[in-house]
Each structure stands twice: as C-alpha cells, then as structure tokens.
Amino acid sequence: MNYLTIEKVTKTYGEKVLFRDIDLHINHGDKVALVAQNGTGKTTLLRLIAGEEKGEGEQSRVFVHKNIRIGYLRQEPNFPNDWTVMETIFESENPMINAVRQYEEALLFPEDETKMQSALTIMEDLKAWDFESKIKEILFKLNITELEKTVGTLSGGQQKRLALAKLLIDEPEFLILDEPTNHLDLDMIEWLEDYLSQANRTLFMVTHDRYFLERVCNVIVELDQGNLYKYQGNYTDFLEKKATRHENEGIGLEKAQKLMKKELEWIRRAPKARGTKAKSRIDAFDVIKEKATNKVDDQKVQIEIKGTRLGSKILEVNYINKAYDDKVLVKDFFYKFKKNERVGIVGKNGVGKSTFLKLITKEIRPDSGTVVIGGTVQFGHFTQDGIQLKQDKRVIEVITDIAEFIPLAKGLKLSASKLLERFLFSKNHQQVYVSQLSGGERRRLYLLTVLMKNPNFLILDEPTNDLDILTLNVLENFLADFPGCVLIVSHDRFFMDKLVDHLFVFEGDGKIKDYNGNYTEYRANKKIEDRQKEKAPKEKKGKIKSDSDKPKMSYLERKEYNRLEKEIEKLEKKKSEITEKFNDQNLSSEEIQKMSIELGEINNSIDEKEMRWLELSEIA
C-alpha cells in the first residue's frame with residue numbers, strides 16, 4: 001500500500017535552490033532515512049511531507065494516502081507552556097488515549113465512584129488495558145515521570161522526549177521524525193531502535209545516528225545538490241552504492257566533457273541560419289554543457305588547527321564529591337589524566353555527566369576533594385547549549401571577532417575566510433546572518449569557534465547533535481589525530497566506538513566506573529552480566545561463595561567455545577574477501593545488491609557468535 005508519493009517537487013528560498021523536480025515513493029513498512037548536509041533542505045522536506053510547507057511549480061504534487069494518519073516529530077516541539085505533562089500527553093482524538101486519560105483522572109479522585117465506574121466501563125468496552133500498559137512503558141522508557149509539571153518548566157531535551165512519547169502513544173500509521181535520538185540517553189536510543197524496527201512501522205526520518213541508520217532503515221535517500229538519490233538497504237549499503245555512483249559520475253563527467261568539446265567545435269563552425277535539425281542539436285548541447293560543468297561534489301571539511309603543547313602534569317581529580325540536596329552526582333571520584341587520552345562518558349540522563357564536566361573545568365566547585373589543572377592545559381569546551389551567537393552578526397564576523405588569522409601546523413597561517421570555507425561555509429555563505437543558519441550550521445560554526453582557539457584538552461558535551469554525517473566523519477578524523485586529550489559525552493554510539501579508548505560509566509548515586517573498552521564492548525558485557533544475574537539463584541544472606549561454587553565449563557561448552565573461535569575467524573576472512581570485491585569497478589548493480597545482502601548476513605552471524613563466545617569466555 002502506497003503511503004506517500006512526491007512528484008516533481010521544487011523548493012527555493014530566494015536564489016537558493018534546496019531541491020528541484022524531486023520524486024519519492026514510500027510504501028507501508030518502509031523505513032526511510034534522509035541523509036544530507038546541514039542547510040540543504042532536510043527539515044524543509046519533512047515539513048513539506050507533513051503539510052506544513054508547499055511545493056513550487058505547476059506539476060508539483062505531494063500525495064499522502066487519505067486513510068492514514070501522519071505523526072510529525074519536530075526538532076523543536078511547540079507545546080503551550082501552561083499545559084501539564086499529563087494534559088500534553090493525553091490531548092488527542094484517539095479514543096483509546098481518551099479512555100486511559102479518563103481512567104487516570106478517576107484514579108486521582110477515588111471517592112467519586114460514578115466517575116470511576118464510568119471510566120472502568122469505557123476501558124472494558126474498548127479493551128484498553130493493554131494500551132494503558134503500553135503508555136506506561138513508553139513514559140517509563142523515556143523517563144517521563146513528573147506528570148503534573150508544566151511544559152514551561154521543562155528543559156529543551158525534556159520537551160523533545162515529551163513530544164516523542166506523545167507521538168508514539170498516539171500510534172499514527174506514518175511517522176515523520178526529525179532527529180529522534182537527540183536528547184535521549186543510550187538506553188533510550190536502544191529501546192527506540194527496537195521499537196521502530198518492528199515490521200509494521202512506516203517511517204521517514206532525519207538522523208545522524210549511523211547505528212540507527214544501520215539497524216532500523218531499509219531505504220536511504222540522499223539529498224545532494226538539489227537532487228534526490230534513493231538507495232535500497234541500510235547505512236552500509238548506502239556507503240557502498242554512493243561510492244559506486246560517484247565513480248560512475250566521474251566516468252560520465254569525462255565522457256560529457258569530451259562530447260562537449262566536440263559539440264562546441266560544431267557550434268562555432270555552424271552557419272548562423274540553422275534549420276530544425278540544427279536547432280535540436282543546439283538544445284542537446286545545452287544539456288551536455290550542464291552535465292560537463294556540473295562537478296561531482298567532493299567538498300570536505302578540513303581541520304588542521306594547531307594544538308598547544310601539553311605538559312607532563314595535565315589534570316588530577318582527587319576524590320571529589322558533589323550532591324544537590326539528597327541527590328548524589330559524584331562520589332569519591334579519583335583519576336589522573338594521561339597524555340593523548342580519549343575518554344567517553346556514558347550514563348542515563350540526569351546522573352551528573354554535565355555537572356562532572358563543569359567540576360573538572362572549575363566552573364563549579366566540588367563539595368569536597370580537589371581538582372588540579374596543569375599549567376599548560378588549555379580547555380576547549382563544547383557545551384550542549386553552546387555560546388549565544390548574535391543573530392545580527394554575519395558568519396564571517398563571528399570568526400573575525402575571535403581572530404583574523406588562525407595558526408596551523410608547521411608554522412602556517414590561515415585566514416578566517418579560508419578556514420570557514422574548509423568548514424563548508426562558502427564565500428557567499430559567510431555573508432549570511434546567524435539568524436538565517438540552520439540548527440546544524442550554527443552547531444558547526446560554534447564548533448569552529450572552539451577549535452580555533454588552539455585547545456590541547458577538548459571537552460565535548462553532545463557534539464554530534466544536529467551535525468550532518470559529512471561533518472561528523474571529518475570531526476572524527478580530526479579527533480583521531482588530535483595531539484591532546486579528548487573527553488566526550490555523547491549518545492552517538494558510532495562516534496564513541498570510533499574514538500574512545502575507555503569509558504567513565506555513570507551508574508547512578510555518584511558511582512563512576514572506569515571501563516576499559518568502547519561502548520559496544522561495554523554493552524555486550526553488561527548484557528551478559530545482566531543475564532547471569534537473572535539466571536543465578538538467590539544466595540542466602542551471609543553465605544560466602546567459594547571458588548568451588550563458580551560455574552565450570554562442561555565438555556560440550558568447551559567444544560562449542562573452541563568451535564566458535566574457528567567459525568568467527570572464517571566469517572571474518574569471508575567478510576574481508578567480500579569487502580575487497582567491492583573495489584571492482586566493473587560490478588553490476590545486481591552483484592552489488594547480492595554482495596550487500598551476503599555481507600549483512602555475515603555481520604549478523606558474527607555478532608551472534610561473538611555474543612555466545614563472550615558468554616562462554618566468562619565461564620572459562
């Protein structure tokens with residue numbers, strides 16, 4: 001069943017063309033992600049599908065099936081400030097939601113037996129008890145507990161979670177999601193990933209979370225230079241097929257340039273008075289010229305900021321404690337940072353991650369303990385809220401207010417304008433006012449203001465929010481080569497896995513565990529630990545376990561353990577062979593599709609076998 005059809009849709013703002021004559025079809029069960037650079041029209045396209053914008057041109061058509069409901073999650077929700085959380089959640093025409101709302105209201109007034117009986121009757125008639133359980137699960141998973149608070153007292157992140165909860169509870173047939181993972185902690189993201197992966201969900205979303213793209217989506221569309229390209233498959237498939245497209249475009253470009261030269265010679269030789277046949281050839285030349293002069297966009301953000309030298313004494317955190325009233329955020333934490341460390345910070349929302357960053361930079365004081373910062377340390381602190389960029393400033397003015405020139409490696413210098421170009425702000429774009437920038441463009445500009453000050457200890461608090469994948473790739477490459485220390489708070493699992501050596505895991509009640517490994521390794525081990533806790537019989541109070549009580553590996557488990565090692569090794573070899581085949585430029589699209597499916601199956605098999613191997617290794 002077709003849910004959405006877009007045909008010949010164009011959208012411009014002044015002279016800027018966001019997209020021209022694009023087509024898109026989405027059917028029931030499709031999970032489509034939109035990938036594009038910041039400022040190229042992602043949110044505009046979502047708004048257009050949701051009916052909040054109109055396309056341009058006589059042939060422009062956006063058709064949404066009349067029998068389905070659309071749910072749209074905006075980047076910045078807009079609820080009345082005086083509404084309570086409960087009023088916001090239950091404001092709906094859905095009869096199931098209204099039934100649960102009446103029941104919840106009746107619970108607040110148990111003495112009113114008539115109201116309670118009426119609510120119970122409606123719940124029974126609609127068989128709404130399972131739906132009530134589902135509402136409670138969604139609210140619990142997204143940590144929405146204070147239902148009497150007014151929306152105006154909530155932070156931006158809390159409002160985004162509230163908007164997501166309301167959308168999921170309402171159960172529209174077609175979900176349109178603009179950065180759904182922003183402001184969610186890692187547990188919430190993994191739960192949402194499972195929720196949206198269910199076969200009957202249909203969605204169109206913008207996200208920079210590459211694991212989300214990998215595990216949820218079956219179609220990725222890319223908005224590139226005003227054109228829309230569709231790729232079947234997940235994020236891995238997208239990367240492979242996009243590379244093939246660029247290679248083909250490169251071949252096509254070379255052919256078009258040769259053909260253009262030939263046609264240009266003919267145009268110059270041809271007599272002034274041309275017949276119909278000659279006229280058609282002139283028209284064809286215009287098309288060829290456009291192809292030949294349309295360069296493949298290989299623009300990349302380049303970052304070569306020079307880091308200030310870091311001395312031997314960097315940062316010492318000596319048994320610090322911090323609490324607000326009865327809530328303990330940091331308890332007896334001790335750590336000495338070493339050169340070139342890359343540390344990730346993970347934990348649920350509200351456990352004290354941002355407070356910890358402010359403690360080590362001395363923005364706030366600990367209740368006890370000390371923080372000693374080395375004399376050569378220069379922090380570059382990228383905060384969640386960012387700096388308040390002045391709306392009436394042009395992009396170039398924001399940078400030149402800090403410095404006209406920026407020192408680079410090897411004694412070189414770079415002008416503010418050239419640096420902005422490397423951050424994908426063209427000369428024309430540099431004259432744009434801050435008020436005209438998209439959310440992602442503002443974050444990119446703010447990131448530049450942090451990096452250009454030559455820090456040697458970077459503290460990044462949710463740096464990936466609203467950044468496009470291109471900027472993320474280059475930021476990752478920069479951080480991998482950064483000569484100083486890096487401390488990252490991020491819900492982007494791909495970003496964390498790629499960069500960090502170990503984690504500070506905030507477990508709650510002020511406990512911070514230093515885990516040696518990346519996020520995926522931590523989650524795999526935690527799942528094993530949780531499973532073992534569930535299986536383990538409850539120990540009697542006071543009984544001390546001896547070594548003889550520990551589970552021992554059976555003969556069959558030992559055999560399985562050894563077999564798994566060999567199987568994983570064979571699968572990794574097979575994976576390398578298939579990956580190597582993708583370098584063959586003569587592959588057909590059918591071969592690419594077949595190999596992509598096989599590679600996906602191999603990756604899934606490796607994940608399953610590694611999980612079982614980890615379980616057995618714990619016993620071994």
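Modeller: Two strands pair if DSSP finds at least two bridges between them; a strand is a DSSP E run of at least two residues, a helix an H or I run of at least four, each numbered from the N terminus. This is a predicted model: local features need pLDDT of at least 70, side-chain atom pairs count only at pLDDT 80 or more, and totals for chains, interfaces and linings use all residues. Residues are numbered from 1 along each chain as its sequence is written, and side-chain values use heavy atoms, with hydrogens and water left out.

Colleague: What makes strand 3 and strand 8 a pair?

Modeller: Five bridges join strand 3 (residues 31-36) to strand 8 (residues 219-224), and a pair takes at least two, so these strands qualify. They run parallel, and alanine 36 has leucine 223 in strand 8 as its bridge partner.

Colleague: Why are strand 5 and strand 9 said to stand at the edges?

Modeller: The open sheet has six strands in the order 5-6-7-3-8-9. Strand 5 (70-73) and strand 9 (227-232) each have a single partner strand, so one side of each lacks a neighbour in the sheet.

Colleague: Why is helix 11 called largely enclosed?

Modeller: Six of its eight residues (353-360) are buried, so the rest of the structure largely encloses helix 11. Buried means under 20% relative accessible area, with a 1.4 Å probe and protein chains only. Among the six are Phe356 and Leu357.

Colleague: Which residues touch the most other members of the largest nonpolar core?

Modeller: Leu142 and Leu196, out of 52 residues. Such a core is a set of buried Ala, Val, Leu, Ile, Met, Phe, Trp, Tyr and Cys residues joined through side-chain atoms within 4.5 Å. Helix 6 (residues 156-170) gives the most, with seven.

Notes: Buried < 20%, exposed > 50% of the residue type's maximum accessible area, 1.4 Å probe, protein only.
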